[in-house]
Amino acid sequence: MTTRIIGTGSALPEEVITNDDMAKIVDTSDEWISSRTGIRQRKLVGRDENVVTLGTEAARKALEDSGTAPEEIDLVLTATSSSEVYFPNVACQIQGNLHLTNAVAMDVSAACSGFLFVLHIAHAYIQSGVYRKILLVGAETLSRLIDWEDRTTCVLFGDGAGACVVEAQETGIIDAVLHSDGGMGHVLTGSAAALVTPKSEALAAHPLHMDGQAVFKFAVKKVPECIQELLERNQVEADDVKWYLLHQANKRIIQSVAKRMHQPEEKFPVNLEYYGNTSAASIPILLDEMYHSGQIKRGDRCILSGFGAGLTWGAALLDW
Ligand code: ACO
């Protein structure tokens, strides 16, 4: 038995902030942001929205899409780094909202790699026979974590959530791999204090901090390496993979990975121009869009790959 994605859903806030809007907040321009990142706009949560509201909406859609009744879900795993409360965890709140009465629920913190981490954990549970049907959610509101006076980071992120229902089936995930390097944690850090303290105190504490060039170098080296690791140990040729679905941080990172893999860019779909970097939500949002637009079809061989703070990174090889 392996793990198959049987339904997807996503939720994005209404409010659109374009690069020109960003230029009214910090000293930047559409030209600088779009040429360096590919991002043209992002969507940000309003007062009454948070990771739980977005995550619940995405999860509800994934349940409907997969034809799964709430009581069928055995486990809810939420990947998030931007919850406003430490407990109850986001997964429990989503469980309560959707009456997933037979599920256990937990959060996983692995920043932008979070969706790969929850997918891998779900796969291990399914392979071991402990659980059969699992709800995976990636939900982030990094707009509440960033320093809105720091132009080097605030232009990069957006809010959103994506969800998938996975179940034990004969086909699906072929193999998956995760990595962490805590020794490099300092290149990308964020503090929960920024979520809960008044702005001036939050900035004095630890706002989101990123060494952009170090993160760029890490991503373009480690992502191709771990994809290659997965392909080699499963004797799959890079050419035989139809889609490479990467964390949507930066278009230049995605283009660079495609080049290093000697694969055409068309195999690496990009939607970050509309949403910015939605961290753990970016891969499930992309999956939802591609699945429901008919781009990705049953049987398509795919690589998913995420990378982020920790540092953390990973990939999964699957037949859709
Ligand atoms: N607008 C205008 N100018 C800016 C901005 C901005 N928003 N931000 C920085 N600059 C300026 C800098 O101050 C600097 O000016 P200076 O030369 O006078 O000192 C100049 O632009 C160049 O700055 P760099 O940091 O060297 O710019 P770089 O070309 O490295 O691009 C970027 C920065 C886009 C962040 C790049 O390093 C990158 O893509 N890194 C990858 C990190 C990433 O994508 N992180 C996403 C989150 S992490 C994750 O998802 C895993």
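Tutor: A residue is called exposed when its relative accessible area is over 50%, buried when that area is under 20%, and partly exposed in between. Keep in mind that this is a predicted model.

Student: Okay, so is Asp27 buried or exposed?

Tutor: Asp27 is exposed, because its relative accessible area is 61% and the cut-off for that class is over 50%.

Student: And what does Asp27 form a salt bridge with?

Tutor: Its partner is Arg151, and the closest N and O atoms of the two are 3.7 Å apart. Arg151 itself is partly exposed, with a relative accessible area of 45%.

Student: How many salt bridges does the count come to?

Tutor: The count comes to twelve. One of them joins Lys222 and Glu225, with 3.5 Å between the closest N and O atoms; both residues lie in helix H9, three residues apart, which is about one turn of the helix. Lys222 counts as partly exposed at 24% relative accessibility, and Glu225 also counts as partly exposed, at 38%.

Student: What about Asp300, which side chain does that one meet?

Tutor: The side chain of Asp300 meets that of Lys242 in a salt bridge of 3.9 Å, N to O. This pair links distant parts of the chain, since Asp300 is in the loop between helix H12 (282-292) and S12, and Lys242 is in the loop between H9 and S11, 58 residues apart. Asp300 counts as buried at 10% relative accessibility, whereas Lys242 is partly exposed at 40%. There is also a network in which salt bridges that share partners join Glu72, Lys133 and Glu167.

Student: Switching to strands: what order do they have in the open sheet of four?

Tutor: The order is S8-S13-S12-S11, with mixed pairing. Strand S8 (173-180) and S11 stand at the edges with a single partner strand each, so one side of each is left without a neighbour in the sheet. On average, neighbouring strands of this sheet are turned by 10° against each other, direction ignored.

Student: In which sense do S8 and S13 pair?

Tutor: They pair in the antiparallel sense over seven bridges, and Ile173 has Leu318 in S13 as its bridge partner.

Student: Which helices lie against that sheet?

Tutor: Helix H5 (residues 114-128) lies across S8, S12 and S13 and runs at about 125° to S8. H9 also packs on the sheet, where it touches S8, S11, S12 and S13, and its direction makes about 40° with that of S13.

Student: Which residues of the largest nonpolar core touch the most other members?

Tutor: Of the 49 residues in that core, they are Ile227, Leu231, Tyr244, Leu246, Ile303 and Phe307. Helix H9 (212-233), strand S11 (243-246), helix H10 (251-260), S12 and strand S13 (312-319) each supply at least two residues of the core, and the largest share, ten residues, comes from H9. A second, separate core of 34 residues includes Cys164, Ile283, Cys302 and Trp320.

Student: And Ser305, is that buried or exposed?

Tutor: Ser305, which is found in strand S12 (residues 301-308), is buried, with a relative accessible area of 0%. Leaving aside neighbours within four places in sequence, the residues in contact with Ser305 include Leu116, Ile227, Leu246, Ile283 and Gly314.

How values were computed
Residues are numbered from 1 along each chain as its sequence is written. This is a predicted model: local features need pLDDT of at least 70, side-chain atom pairs count only at pLDDT 80 or more; totals for chains, interfaces and linings use all residues. Side-chain values use heavy atoms; hydrogens and water are left out. Buried means under 20% relative accessible area, exposed over 50%, partly exposed in between (1.4 Å probe, protein chains only). Contact means heavy atoms within 4.5 Å. A nonpolar core is a set of buried Ala, Val, Leu, Ile, Met, Phe, Trp, Tyr and Cys residues joined through side-chain atoms within 4.5 Å. A salt bridge is a side-chain nitrogen of Lys or Arg within 4 Å of a carboxyl oxygen of Asp or Glu. Two strands pair if DSSP finds at least two bridges between them. Axes are lines fitted to C-alpha atoms, for helices over the stretch in contact, and angles run from 0 to 180 degrees between N-to-C directions.
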